Amino acid sequence: MKKFYLVFFLLGTILAIILPVVFRNLNLFDNSRSINDITIEKLRSGNRDYSFKKGTITAWDNRPINYNQKQQVKQLVYFYLLTKEDPLFISPDLDISGLKNAVNGLRTVEDTFTTNHSKYPHLFPTSFLSSLDTVKQAEGQFLAKPGDISAENLLITYKQAAQKYQKDSSDFIKTIKNHQNEIPQGNLVFLKSVSSKKIILSDLNLLEKNASALKAEVDKRAGCLSSGAGCYRPAAAFIKPANSPIIQSPPKILSSSLLFVGTDNEEKKTINGPYLATGACFGSAEEFPYYVFKKRDFRLEAEENTFLGLKLASNNYFRHVARNGWENDFPKGYEWFWQRETMNYLCPDLSFEPRLATLDYFIQTYRQKPLLNGVGPAGSLEKSFFSSSMPSYQQASYLSTYYAFFYNNVSDQDSKEKLLQRYLIINRQLSNFPMVIKKIIYEWNWLFAANRKSQIINESNLLSSFYLPRSAWSLTYLTFSPSVWRLSEKPKFIDHRQVTSNNPDDLPYWDQEQIKSYYGKQDIKTLQELSVEYNNNIR
């Protein structure tokens, strides 16, 4: 028996010596991308300052560094790179000041709406959107002075933002499900596409799953920082770009005299484009041309009244006049109303709006500042993109993969920063995001004004005609941005098949060609002018 205990004791002693060595040599980190190309001059861990230079860790006080200290520094480096290369909730170019202003506008709209319709609360995720301010501040402090304390502070803001996203989305989904019997069966028509109750409920389930995925990502990053578990460096976006996508031929553009009837001269001065981006509700997966401009909401204070104006450049749309309601006083003899096809309630998938806002920002900011001059196919692609008469988001997205690839492969720190910045701007799609949000506010203010003229908001169809389509939740829950949408599966929003009909009961929106065959070319201009005048009288 004594022999047995002696052997057991010796075996335990040997394992106690060997196992730590084995586990020390196990790599806790996902090395799909090495961190040995990174230099961080100063980071603080456990009350000591260190430098990390291409895999080598040096203490500023020149004292020895033990194994645990090295591991903690590596964990901090991984967390730093995750924050920098795959930012959560925000992007480097997100205008927080403008967003705060826009969120205040959303609150005002929501208060106005729920005052009269209290059964339909939680129209917008204002708590979540407001939390992005603290995330942006904490991220800036951490990236400027990387350390375990500033990292923990950033994680706190992450957790708060994730919780608010989950709470806001849960409340929003609950409101819709409480009134889902108000969603009509059959097709819900949006321009030339349709949605359905089944698609809506399925998409809301995805929104719920994304809230959980966001929380899981925050927990994963917390684990990386605290123990090294789950540390990784984003890899997929930084590999060598695949073959160039096939770029479609530029579509035909209508003359500005047909597109911008009633647009004042100040707004015309701000028109940029046309740019190409997908427009799911026009009945095709291809990219469509749009003009981007700054439009003013005369109902708001001067500093708040500019939002992102958009106009489809290849077509006009017209809506059948609601003769049995608020448009009874529209001039007789005209049964169609010129309808701005980019109004939010006309399409549940508004991802084209942030793409256009990003495309416009990127081109106006960097057109004269190419980064890839003389760099083979990448340089040619960048030159072609910036000189194009009709730049496309698809082309910009492909260009961004080159920015990411060269960021991962150049050594010059200044070049790396610029390349990463450009990649993230295109990839995260949050440029001028406050102006996208202010478009939502403008459209609600117009609706409130029209409702004062002749009550058009009523409980009988409130969810399907007002609350749901005008919530613009594809924008406010950032379903388009990898900074927030962490699922590989995206909401469907619409049934991707084109709907055509010359019966207004089946398709209440007609395009330019349909109206031309109905009225003739001359009367279209008159119809547009009457529509603009009618809209301008709604104050």
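This is a predicted model: local features need pLDDT of at least 70, side-chain atom pairs count only at pLDDT 80 or more; totals for chains, interfaces and linings use all residues.
Cys-281 counts as buried, with a relative accessibility of 2%.

**Exercise 1.** Find the partner of Cys-281 in its disulfide, and work out the handedness of the bond and which parts of the chain it links.

*Solution.* 
- Step 1: Look for the sulfur bonded to that of Cys-281; it belongs to Cys-347, at an S to S distance of 2.1 Å.
- Step 2: Turn to the torsion about this S-S bond, which is about 80°, so the disulfide is right-handed.
- Step 3: Cys-281 lies in the loop between strand 6 (272-278) and strand 7 (287-296), while Cys-347 lies in the loop between strand 10 (336-339) and helix 9. The two cysteines are 66 residues apart, so this pair links distant parts of the chain.
- Step 4: Check the burial of the partner. The cut-off for buried is under 20% relative accessible area; Cys-347, at 5%, therefore counts as buried.

**Exercise 2.** Determine how many disulfides the structure holds, then describe the one that includes Cys-224.

*Solution.* 
- Step 1: The count comes to 2 disulfides.
- Step 2: Cys-224 is joined to Cys-231, with 1.9 Å from S to S.
- Step 3: A torsion of about 95° about the S-S bond of Cys-224 and Cys-231 means that this disulfide is right-handed.
- Step 4: Number the bonded cysteines along the chain, and the disulfides follow the pattern 1-2, 3-4.

**Exercise 3.** Compare the span of helix 10 with the expected one, then decide how its buried residues are arranged around the axis and what covers them.

*Solution.* 
- Step 1: Helix 10 takes in residues 376-387, 12 residues in total. From its first C-alpha to its last it reaches 17 Å, close to the 16 Å expected at 1.5 Å a residue.
- Step 2: List the buried residues of helix 10: Ala-378, Gly-379, Leu-381, Glu-382, Phe-385 and Phe-386.
- Step 3: These residues cover an arc of only 160° around the axis, so they sit on the same side of helix 10.
- Step 4: Now view the face turned away from that buried side, where you will find the exposed residues Pro-377, Lys-383 and Ser-387.
- Step 5: Finally, look at the cover over the buried residues of helix 10, which includes helix 9 (352-366), helix 11 (393-407) and helix 12 (413-428).

Definitions and conventions
Residues are numbered from 1 along each chain as its sequence is written. Side-chain values use heavy atoms; hydrogens and water are left out. Helices (H or I, at least four residues) and strands (E, at least two) are DSSP runs, numbered from the N terminus. The expected span of a helix is 1.5 Å times one less than its number of residues. Buried means under 20% relative accessible area, exposed over 50%, partly exposed in between (1.4 Å probe, protein chains only). The arc is that of the directions from the helix axis to the C-beta atoms. Contact means heavy atoms within 4.5 Å. A disulfide is a pair of cysteine sulfur atoms within 2.5 Å.
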